[in-house]
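Visitor: I am new to this one and would like a tour. Could you show it to me and let me ask as we go?

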Amino acid sequence: MRSPQPHRNGGDNPFHSTVSLRKLRRFNYLILVFRLASFSSSLASFVFMLSTSRAAANSPRWYHFDAFRFVVGANAIVALYSLFEMVASVWEISRESTLFAEVVQLWFDFGHDQAFAYLLLSADSAGTALARVLKGMDTCKAWNAFCIQVDISIALGFVGFLFLGFSSLLSGFRIACFIIKGSRFHL
């Protein structure tokens with residue numbers, strides 16, 4: 001006869017120790033921190049690039065340059081994606097289950113982390129190339145504030161790429177654990 005009391009550790013698997021649950025919780029919090037950092041830096045990059053249009057009436061604007069439009073679009077997409085992933089991480093931490101089915105969630109996270117990291121790297125590289133060209137011309141001598149804001153925006157975009165890359169590494173680790181053990185948990 002089965003006991004009417006639930007398992008002590010609260011899960012379906014009675015063999016998880018409190019140490020392994022603590023490690024899992026720490027791992028999930030680490031992913032959340034990287035997602036938060038990616039969101040913050042991408043949003044800040046987006047805002048800095050948009051704020052270049054508040055300068056003098058005849059100064060250059062970000063939307064006059066295709067590469068800067070790409071930077072704005074990529075950072076907006078990554079900020080929205082990171083916000084969604086933060087919600088999914090909070091859901092996973094609070095409910096101890098994934099938003100989608102486990103295998104779908106793992107591949108969704110890994111695939112989108114990879115795709116959006118490369119999108120952000122590509123956009124910021126294009127923005128860097130254009131910013132260097134503008135520095136070689138008289139544009140940055142005449143409109144120094146514009147160039148400084150563009151440089152800050154691009155630098156923040158690269159920071160967002162780094163944090164999204166770290167998130168991608170952790171997602172890849174979870175995929176490897178799933179392939180080896182049949183579960184996203186490395187414990």
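What follows is a set of questions and answers about this structure.

Visitor: What kind of model is this, and what pLDDT do local features need?
Guide: This is a predicted model, in which side-chain atom pairs count only at pLDDT 80 or more, totals for chains, interfaces and linings use all residues, and local features need pLDDT of at least 70. Residues are numbered from 1 along each chain as its sequence is written, and side-chain values use heavy atoms, with hydrogens and water left out.

Visitor: How many helices and strands are there in the chain?
Guide: Helices (H or I, at least four residues) and strands (E, at least two) are DSSP runs, numbered from the N terminus. Starting from the N terminus, the elements run α-α-α-α-α. The count is 5 helices and 0 strands.

Visitor: What share of the residues of the chain count as buried?
Guide: Buried means under 20% relative accessible area, exposed means over 50%, and partly exposed lies in between, with a 1.4 Å probe and protein chains only. The chain has 187 residues, and the share that counts as buried is 39%.

Visitor: How much of the accessible surface belongs to carbon and sulfur atoms?
Guide: Accessible areas come from the Shrake-Rupley method with a 1.4 Å probe, and for residues only the protein chains shown count as cover. The surface of the chain comes to about 10,700 Å², and the part belonging to carbon and sulfur atoms is 67%.

Visitor: Where does UniProt place the feature "transmembrane region"?
Guide: UniProt positions are given in the numbering used here, with feature names shortened, and annotations may be inferred rather than shown by experiment. In the model, residues 29-50 are 100% helix, with end C-alpha atoms 31 Å apart. Residues 70-94 are also 100% helix, and their end C-alpha atoms are 36 Å apart. The unreviewed UniProt entry places the feature at residues 29-50 and 70-94.

Visitor: Which cysteines does a disulfide join?
Guide: A disulfide is a pair of cysteine sulfur atoms within 2.5 Å, and by this rule the count is 1. The link is left-handed, with -90° about the S-S bond. At an S to S distance of 1.9 Å, the pair is Cys 140 and Cys 147.

Visitor: Which residues does Thr 139 touch, not counting residues up to four places away in sequence?
Guide: Thr 139 is found in helix H4, residues 139-142. Thr 139 has a relative accessible area of 16%, so this residue is buried. Contact means heavy atoms within 4.5 Å. Leaving out residues up to four places away, Thr 139 touches Pro 60, Leu 134 and Cys 147.

Visitor: Which element gives the largest share of the lining of the largest cavity?
Guide: On a 1 Å grid over the protein atoms alone, a cavity is a set of points where a 1.4 Å probe fits but cannot get out, and lining residues have an atom within 4 Å of a point. Grid points are joined across faces, edges and corners, and a volume is the space filled by probe spheres set on the points. There is 1 cavity of 30 Å³ or more, while the largest cavity holds about 80 Å³ of space and has Arg 35, Glu 85, Asp 109 and Arg 174 among its lining residues. The largest share of that lining, 5 residues, comes from H2.

Visitor: Which residues is Leu 130 in contact with, leaving aside neighbours within four places in sequence?
Guide: Leu 130 is found in helix H3. Leu 130 and Phe 68 are 62 residues apart in sequence, with their C-alpha atoms 8.1 Å apart in space. Apart from those neighbours, Leu 130 is in contact with Phe 65, Ala 67 and Phe 68.

Visitor: Which residues does Ala 126 touch, not counting residues up to four places away in sequence?
Guide: Ala 126 is found in helix H3 as well, and counts as partly exposed at 28% relative accessibility. The C-alpha atoms of Ala 126 and Asp 66, 60 residues apart along the chain, are separated by 9.1 Å. With residues up to four places away left out, Ala 126 touches Ala 67 and Phe 70.

Visitor: What is the phi of Glu 96?
Guide: Glu 96 sits in the loop between H2 and H3. This residue is exposed, with a relative accessible area of 60%. Although Glu 96 is not a glycine, its phi is positive, at about 60°.

Methods. On a 1 Å grid over the protein atoms alone, a cavity is a set of points where a 1.4 Å probe fits but cannot get out, and a pocket is an open set with protein on both sides within 12 Å along at least five of seven lines; lining residues have an atom within 4 Å of a point.
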